[in-house]
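Trainee: Could we go through the helix packing and the pocket in this model together?
Mentor: Gladly, let's take them in turn.

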Amino acid sequence: PQDYKTAVKWYTLAAEQGHADAQFSLGAMYDKGEGVPQDYKTALKWYTLAAEQGHAFAQYNLGLMYDNGKGVPQNDKTAVKWYTLAAEQGHAFAQAILGATYAEGFGVLQDDKTAVKWYTLAAEQGLDRAQYNLGNAYANGRGVPQNDKTAVKWFTLAAEQGIADAQFNLGNMYRKGEGVPQNDKTAVKWYTLAAEQGDADAQYNLGLMYDKGQGVPQDDKSALKWYTLAAEQGYA
């Protein structure tokens, strides 16, 4: 039978002998409070021991601990150090977060080109949020030459995985004919998917499409429905 306390017992015995996977797993148990009282400092101890042995998942989790100030004082530079070590081993989430740190300049000098490098590596592994961020980089020409077609490619991959922001942006690109042939019906499709997830921008734009009869038959009731949902979220 599933038993966290017994799991912790055996992880501890292995971890104390230097087994990196056990150290990581034990850190995770303390991090989540599974089988033991939640204890970020002890989680940090075990993550660190595993990370110092090159355990990519421990390095990523250690980056998160420093990033969020869990068990240690918050420290962007140290977070970046551990994210980088994990990212260089191909850890997709570390690559994506590292892209964001360079895009925003948290713990590193702001650098759009380096942000794109890490977003690309994560996006190519199928990470939806990295695909969306990469789409934004191409749409806005940040770190790469502006390219609507490539933006559409990455937005589509993220949108198909359910990222509402990507669905909304894709709706805009089909409505305006940016990087794709102009197509109001396809715009409505993507706006609808984002709007159903509660995206106020998409709800408003979908209201407009029904209001004007673009891509759908003109329908005041549907327009009112979507305007109302956006308005209730404070969309001016």
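Mentor: For residue classes, Ala, Val, Leu, Ile, Met, Phe, Trp, Tyr, Cys and Pro count as nonpolar, Asp, Glu, Lys and Arg as charged, and the others, Gly among them, as polar. The model is predicted, so local features need pLDDT of at least 70 and side-chain atom pairs 80 or more, while totals for chains, interfaces and linings use all residues. Residues are numbered from 1 along each chain as its sequence is written, and side-chain values use heavy atoms, without hydrogens and water.

Trainee: How many nonpolar, polar and charged residues are in the lining of the largest pocket?
Mentor: The lining includes Ala 103, Glu 104, Tyr 119, Asn 133 and Arg 142. Helix H6 (92–104), H7 and H8 each give two or more residues to that lining. By class, the count is five nonpolar, three polar and three charged.

Trainee: Are H7 and H8 oblique or parallel to each other?
Mentor: Helix H7 (residues 112–124) and helix H8 (residues 128–140) pack at about 135°, with axes 8 Å apart. Angles under 35 degrees count as roughly parallel, over 145 as roughly antiparallel, 65 to 115 as roughly perpendicular and the rest as oblique. H7 and H8 are therefore oblique.

Trainee: Which residues of H12 make the contact with H10?
Mentor: Helix H10 (residues 164–176) and helix H12 (residues 200–212) pack at about 30°, their axes 10 Å apart. Contact means heavy atoms within 4.5 Å. From H10 come Phe 168, Asn 172 and Arg 175, and from H12 come Asp 201, Ala 202, Asn 205 and Met 209.

Methods
Axes fitted to C-alpha atoms, helices over the stretch in contact; angles between N-to-C directions. Helix = DSSP H or I, 4+ residues; strand = E, 2+ residues; numbered from the N terminus. 1 Å grid on protein atoms, 1.4 Å probe; cavity = no way out; pocket = protein on both sides within 12 Å on 5 of 7 lines; lining within 4 Å.
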